[in-house]
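Subject: Structure handover

Hello,

Please find the structure below, with notes on what turned up in it.

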Amino acid sequence: MSADTDEQKPSESGAGAGAQAGTGAGAGPAAKEGPEFRPYRHPAAGWGAAKSVSRFLLREGALVDGPRAIMRMNHENGGFDCPGCAWPDDTKGLHLDICENGIKHVTWEMTRKRVGREFFAAHSVTELSGWSDHGLENQGRLTEPMVYDPDTDHYVPIGWKDAFELIGGALRGLDSPDQASFYTSGRLGNEATFLYQLMARELGTNNLPDCSNMCHEASGRALQASLGTGKGTVDLTDWESADALFILGVNAASNAPRMLTALAEAHSRGARIVHINPLVEAAATRTIVPHDFTDMALFKSTPTSSLNLQVRIGGDMALLRGMAKAVLEQSATDPKALDREFIDRHTAGFEEYRALCEVTPWEEIETQSGLSRAAVLKAARVYGEADRSIISWCLGVSQHEHGVDTVREIVNLLLLRGNLGREGAGPSPVRGHSNVQGNRTCGIDHRPAGAFLDRLAEVCGIEPPREHGLDTVGTIEAMRGGAVKVFVGMGGNFALAAPDTEATCAALRNCDLTVQVSTKLNRSHLVHGRRAVILPCLGRTEKDHQREGVQSTSVEDSMSMVHLSIGMKRPASPHLLSEPAIIAGIARAALPDSATRWEWYVEDYDRIRDTMARVLPGFEDFNRRVRLPLGFRIKQPARELVFLTPSGRAEFSTAALPDVVPAPGTLALGTMRSHDQWNTTIYSDNDRYRGIKNLRTLVFMNRADMRDRGIGDLGPVDITSTARDGSRRSVHGYLAVPYDIPRGCAAGYMPEMNVLCALVDHSTQSDQPIMKHVEVTIEPAA
């Protein structure tokens with residue numbers, strides 16, 4: 001590996017030194033069939049999903065526990081919340097509000113396989129580093145705390161008390177609390193989240209990076225600037241009454257499968273649905289909703305799209321600007337094209353935005369979007385003819401340099417026709433993980449608002465730090481440079497989820513101590529600091545017994561509904577602790593003189609919620625309201641047309657269109673998940689909806705781009721990215737798959753492709769890693 005080039009072979013799987021591709025469960029990749037590609041021609045979900053679930057339940061030996069869990073998941077009374085996506089629970093009391101990926105996620109957690117001291121005694125960290133990521137997680141549930149022994153290169157058992165003292169001692173011994181960083185994934189419940197941020201701030205740091213820093217940070221900053229709220233304003237009832245739905249940068253069939261129900265229902269009632277994405281994904285064609293037994297029996301599919309527009313990667317903003325330009329041009333002859341009353345009463349900056357649209361030439365819009373003017377006008381016509389429109393988006397919009405500007409352009413378009421603050425209209429970001437939005441609501445924020453810190457100080461009797469802390473990219477840079485010495489990961493698989501895999505792994509290895517709170521063995525346990533501790537926790541499906549009885553936790557979905565979740569199963573091991581109990585144990589060891597009643601909080605989570613009700617706006621009377629059917633929705637001023645912006649109005653933005661056309665000889669690469677994958681958890685090497693079997697080290701390309709480069713179908717290629725600082729990163733021997741994707745664009749799977757995403761290439765607007773727009777060259781393998 002040269003100084004300016006990180007090179008990686010497909011056998012390394014993008015997961016740091018020694019990781020193996022494939023789903024083999026042993027040391028090294030397992031023997032398997034060769035790769036296949038056959039375009040997918042069937043409806044999303046339906047019998048394909050049913051067959052996949054059945055095979056998965058059989059493979060995992062969960063033919064009894066799986067169906068039992070299905071009947072308890074996402075139920076309003078006594079059920080547990082799906083630990084997968086953040087799509088809201090059905091508002092009509094649907095008893096099978098579930099999906100293929102949710103069932104897989106729950107079954108994966110409920111496995112009967114165990115990883116205890118015998119396993120770690122038999123396998124060194126060096127050996128395990130050569131296993132596949134699927135193989136690691138497939139060993140089963142962690143059962144007891146473990147500490148790394150550098151003399152033997154094995155993890156060995158450690159008691160909870162000693163583990164807490166080891167961590168607490170390391171935190172107490174830091175020269176500054178800012179030498180520690182506390183990461184969380186989106187799986188953490190609200191109560192644990194609140195305790196986690198309270199511990200960090202009582203220690204004296206705002207170093208609270210989270211998965212939002214990598215996913216929807218741009219969305220939050222854009223919505224805050226435009227509307228005075230960091231969240232979408234719509235709920236599921238709005239989806240059920242919209243006349244038009246615009247879905248940008250979302251692979252709904254895999255990332256939010258329960259959205260398929262909303263899309264099918266929307267089409268059936270006559271709503272128009274426009275999908276905007278470089279790839280025409282399965283959710284943008286047709287579906288058979290599995291709980292619609294009549295349609296399943298008759299093999300009757302429902303269309304989920306009225307129009308598909310394949311923008312070039314990064315071209316969404318140009319399309320939106322073109323739609324706005326068309327609406328404004330129409331208003332010259334049709335006054336009803338604009339909602340002038342809404343604009344005059346509730347917005348600021350309209351005339352400046354109108355002028356910007358007027359001087360933006362159609363030629364630029366066509367070039368940057370990759371679409372013809374006629375195609376843009378089709379989308380504008382759908383928007384103009386709808387009385388109520390929702391615009392929804394995911395990481396295909398946010399993980400760009402200009403992600404904030406694009407989300408603000410979404411708001412611009414909505415404001416033109418008053419699509420805000422009324423039923424069936426508004427912005428609707430699609431959050432990925434089940435409680436990632438709740439994490440931010442409940443205090444996981446490296447840039448906390450002063451008002452929040454004031455309330456925290458008053459209610460909790462601490463003096464929280466006021467300086468901004470480190471986000472995800474900042475934490476990696478600080479660990480690599482030695483400024484952060486202790487890293488605590490509360491859930492997730494940081495080593496694989498973060499960008500620039502080699503840099504991230506080097507950063508973790510440079511820490512004095514890494515702590516991972518997890519349910520299963522993963523790559524982040526093997527890429528560790530000089531000292532390392534694994535703390536096993538309860539899963540979402542398991543009963544949480546505390547002194548005052550079985551406890552429930554709350555989560556917030558992507559549409560601001562907060563509801564309870566209560567586990568149903570006996571814990572995988574008697575030695576597991578809940579996340580609140582683990583946080584309290586670390587806090588007491590790190591802050592021995594703390595006046596915070598950590599143990600008292602853990603005895604009864606209602607006590608945590610009572611404190612949260614005094615600190616968090618919108619959580620008043622928390623314990624009563626969260627026990628209502630479906631819980632409660634956090635009040636958002638913008639939904640009521642109250643805008644907490646400097647002007648007191650919704651603000652138009654006037655950003656210039658970015659140049660997203662790849663330089664000659666290069667392609668724009670976007671990373672994405674496969675269907676049989678959830679975040680960094682890989683269930684198999686298949687991607688049913690894209691027609692892939694037995695392959696993950698691949699790149700989807702336009703056939704003309706392949707021909708120009710002399711690349712044949714499934715031909716091996718070398719892929720090289722060039723970062724802002726001129727450094728290069730490469731992967732070798734990936735297979736090129738011809739696909740319906742715009743010329744100049746390419747796509748591949750994360751985490752394998754994360755190695756190409758340079759740490760330095762993060763958005764200057766949001767600090768998010770630019771993982772959907774990586775400049776690459778692709779050539780036949782040397």
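Predicted model: local features only at pLDDT ≥ 70, side-chain atom pairs only at ≥ 80, totals over all residues.

Residues are numbered from 1 along each chain as its sequence is written, and side-chain values use heavy atoms, with hydrogens and water left out.

The structure holds 39 salt bridges (a side-chain nitrogen of Lys or Arg within 4 Å of a carboxyl oxygen of Asp or Glu). One of them joins Arg 523 and Asp 133, at 2.8 Å from N to O. Arg 523 is in helix H26 (residues 523–526) and Asp 133 in helix H6 (residues 133–137), so this pair ties together parts 390 residues apart in sequence (helices are DSSP runs of H or I, at least four residues, numbered from the N terminus). Both Arg 523 and Asp 133 are buried (under 20% relative accessible area, 1.4 Å probe, protein chains only; exposed is over 50%, partly exposed in between).

Arg 440 pairs with Asp 210, the closest N and O atoms being 3.0 Å apart. Arg 440 is partly exposed at 24%, whereas Asp 210 is buried at 0%. A salt-bridge network links Asp 210, Glu 217, Arg 221, Arg 440 and Asp 767.

A polar atom of the Asp 471 side chain lies 2.8 Å from the backbone nitrogen of Gly 474.

Regards

Methods
Polar contact = N/O pair within 3.5 Å; in protein donor to acceptor, adjacent residues only side chain to side chain. Helix = DSSP H or I, 4+ residues; strand = E, 2+ residues; numbered from the N terminus.
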